[in-house]
Amino acid sequence: MMMNELTELDEGRLRALEVLRRQKERVARAYNKKVKGKNFVINDLVWKVILPMDKKNKALGKWSPHWEGPFRILKAFSNNAYEVEELPEDRRILKVNGKYLKRYKPFMHKVKIATT
């Protein structure tokens with residue numbers, strides 16, 4: 001009698017474990033549908049986030065910029081790490097995780113329209 005209860009308890013635990021596994025798979029599928037991977041190749045232009053994110057310009061307050069750049073990708077490492085070079089100023093070379101980068105799109109005031 002005691003052994004039957006123990007086997008039923010083990011079977012119940014196994015069923016609960018299987019339900020948890022299926023729920024985690026479902027959550028992972030829903031998350032992965034919305035996540036877009038960021039892959040950059042050499043010579044891509046990117047923005048880099050200004051870290052720490054709570055560092056603000058005193059004059060601009062909450063309107064201070066969150067991104068700096070543009071930077072050029074020099075080298076891609078494993079695990080989404082990149083070596084980037086700053087273009088306009090002192091040409092710093094940094095190693096940055098890909099989650100702190102986004103594709104460079106120039107601001108509208110920097111775009112020059114050619115008229116012929």
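Me: Why is Ile93 called exposed?

Reply: In this predicted model, Ile93 has a relative accessible area of 51%, and since a residue is buried under 20%, exposed over 50% and partly exposed in between (1.4 Å probe, protein chains only), Ile93 counts as exposed. Local features here need pLDDT of at least 70 and side-chain atom pairs count only at pLDDT 80 or more, while totals for chains, interfaces and linings use all residues. Residues are numbered from 1 along each chain as its sequence is written, and side-chain values use heavy atoms, with hydrogens and water left out.

Me: Where is Ile93 found, and with which residues is Ile93 in contact, leaving aside its neighbours within four places in sequence?

Reply: Ile93 belongs to strand 4 (residues 93–97), where strands (E, at least two residues) and helices (H or I, at least four) are DSSP runs numbered from the N terminus. With those neighbours left aside, Ile93 is in contact, meaning heavy atoms within 4.5 Å, with Leu74, Glu83, Val84 and Glu85.

Me: What makes strand 4 and strand 5 edges of the sheet?

Reply: Five strands form an open sheet in the order 4-3-2-1-5, with antiparallel pairing. Two strands pair if DSSP finds at least two bridges between them, and strand 4 and strand 5 (101–103) each have a single partner strand, so one side of each is left without a neighbour in the sheet. From one strand to the next the twist averages 45°, taken between axes that are lines fitted to C-alpha atoms (for helices over the stretch in contact), with angles running from 0 to 180 degrees between N-to-C directions.

Me: What joins strand 1 to strand 2?

Reply: Four bridges join strand 1 (residues 45–49) to strand 2 (residues 67–76), and the two run antiparallel. Leu45 has Arg72 as its bridge partner in strand 2, whereas Lys48 stands opposite Glu68.

Me: Why does Leu14 count as exposed?

Reply: Leu14, which lies in helix 1 (residues 2–34), has 58% relative accessibility, and because the cut-off for exposed is over 50%, Leu14 counts as exposed.
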